[in-house]
Amino acid sequence: MAQDLSRADQTLDSTLRPGKWAEYVGQEKIKKNLRIIIDAARARNEPPDHLMFYGSAGLGKTTLAHLIAKEIGVNIRITSGPALEKVGDLAAILTNLGEGDVLFLDEIHRINKLIEEYLYPALEDFKLNLVVGKGPMARTMTLNLPRFTLIGATTRLALLSSPLRHRFGATFQLNFYEIEDIEKIIKRSSAILGIGIEPAALKIVAQRSRFTPRIANRLLKRVRDFAQVEGKSVITADIAKQALAFLEVDEIGLEPSDRKILGAIIEKFQGGPVGLQALAAATSEEQDSILDIYEPYLLQAGLIERTSRGRMATESAYQHLGVKYKGVRGLL
C-alpha cells in the first residue's frame, strides 16, 4: 500500500512538472542562454554541447533537462552517479542511446572515479574504450557511440574534478526563486490539482516554501489534503495556516530539523562558530544533509553565517527562536 502511494505521489510530481518552456517559471537568464545554445545547435544540425546544472535540490534541474530533450525532439535517459557502479553500467547506457539523445546524470559529483575516466573520451570523441580480458590476454576495444548531449546535475559543484567540469560546454547555477515566481508556480499547480486557492492562502504557502518550487508543490499538496478533509473546494488562509502549523512549518518555512540545527548552534555552541562534523554529531543529522538540504536556505534567509572557523548563528536566528542575543562570542 505504501509503495502504491509513493508511486502515485511520483506520478503527481511528474504531472506538476512543466512540459513547455512557457510553463517554466523563473531562471530567466538561464532559459535565454539555453535557447541560444539549442537554436545554434539546431542550425548546425548537431546535438547541443554537454551542459551542467548546479544548485540546491528542488530548483528545477531535472525539469530543465526534460524540457531541453523535448525542445530538440529526442529521447532522454535518466540515471545518477551512485547508480553507475561498474564500467559495464555506463557502457550499457551509452550504447543504447539514439543519435542526438539526452543523457541526464543526476548527482554527478558522486560518480565513481574509475567510471569518470571512461566518460572522458565518450564526451569528447563519442567513443568508449573498454579493456577486455585480464593479464597478457587483455586488449582494448573501442566502441563508437552516437552523438549525444550529457546533462549533469549536482548540488556540490566543488566536488567535481576539474577534468570533468571542463568537458561541459556550459555551466549554469540555478538560484532560489523570487516570491512572485513561487506564487505563479503554486497557482498553476493548484489548477492542475483541481482545487482553488485564495490569494491570501497563496501568499502564505509561497512565503513558507523556501523559495523552492519542489517544496512549494509539496506544501500545496498537503494543504490540499487538509482542505479536502474539511470538505472545502478552495484553500483558504485559515486552512493553509492550520495545515502548515500541523506540519510544523513556521512563518519563514523552517521545519523542525532547521530549528534543531539553529538551536544546537545557539544553545550547545553559544552561537558558534562550530564545525560541520561537530554540528552533525550534536543534531544527529548527516553532514551531507546539512550541506545540501538545510544550510543553503539558512544562509539565504540570513540565519547563519559560514566563516573559516565554522557556522555561526546570526542575530536574526536568535530573534526567530525567541532567544536573547548576546553578541558575537569573543567580540562582545
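What follows is a short chat about the model above.

Q: What sort of model is this, and what are the ground rules?
A: It's a predicted model: local features need pLDDT of at least 70, side-chain atom pairs count only at pLDDT 80 or more, and totals for chains, interfaces and linings use all residues. Residues are numbered from 1 along each chain as its sequence is written, and side-chain values use heavy atoms, leaving out hydrogens and water.

Q: What's the mean pLDDT?
A: The mean is 88, with 92% of the residues at 70 or more; pLDDT is the predictor's confidence in each residue, from 0 to 100.

Q: Where is it below 50?
A: Residues 1-12 are below 50, and that stretch has four contacts in the model beyond near neighbours in sequence (contact means heavy atoms within 4.5 Å). Where pLDDT is low, the predicted coordinates should not be read in detail.

Q: OK, new topic. How many residues are in the largest nonpolar core?
A: 47, and Leu-34, Ile-186 and Ile-235 have the most contacts inside it. Such a core is a set of buried Ala, Val, Leu, Ile, Met, Phe, Trp, Tyr and Cys residues joined through side-chain atoms within 4.5 Å; buried means under 20% relative accessible area, exposed over 50%, partly exposed in between (1.4 Å probe, protein chains only).

Q: Which helix gives the largest share of that core?
A: α9, with six residues. Helices (H or I, at least four residues) and strands (E, at least two) are DSSP runs, numbered from the N terminus.

Q: And what does Ile-235 touch?
A: Leaving aside residues up to four places away in sequence, its contacts include Ile-195, Ala-201, Leu-220 and Val-223.

Q: What lies apart from that core?
A: Another core, of 27 residues, including Leu-97 and Leu-164.

Q: Which residues of α8 are buried?
A: In α8 (residues 199-207), Ala-201, Leu-202, Ile-204, Val-205 and Ala-206 are. They pack against α7 (179-193), β8 (196-197), α9 (213-229), β9 (234-235) and α10 (237-246).

Q: Now the backbone. Where's the cis peptide bond?
A: Between Gly-272 and Pro-273, with omega about 5°. Pro-273 sits in the loop between α11 (256-268) and α12 (276-283).

Q: What about the phi of Gln-270?
A: Gln-270 lies in the loop between α11 and α12 too, and its phi is positive, about 50°, although it is not a glycine. Its relative accessible area is 46%, so Gln-270 is partly exposed.

Q: And Asn-45: buried or exposed?
A: Exposed, at 72% relative accessibility. Phi of Asn-45 is near 60°, and Asn-45 is in the loop between α2 (28-44) and β1 (51-54).
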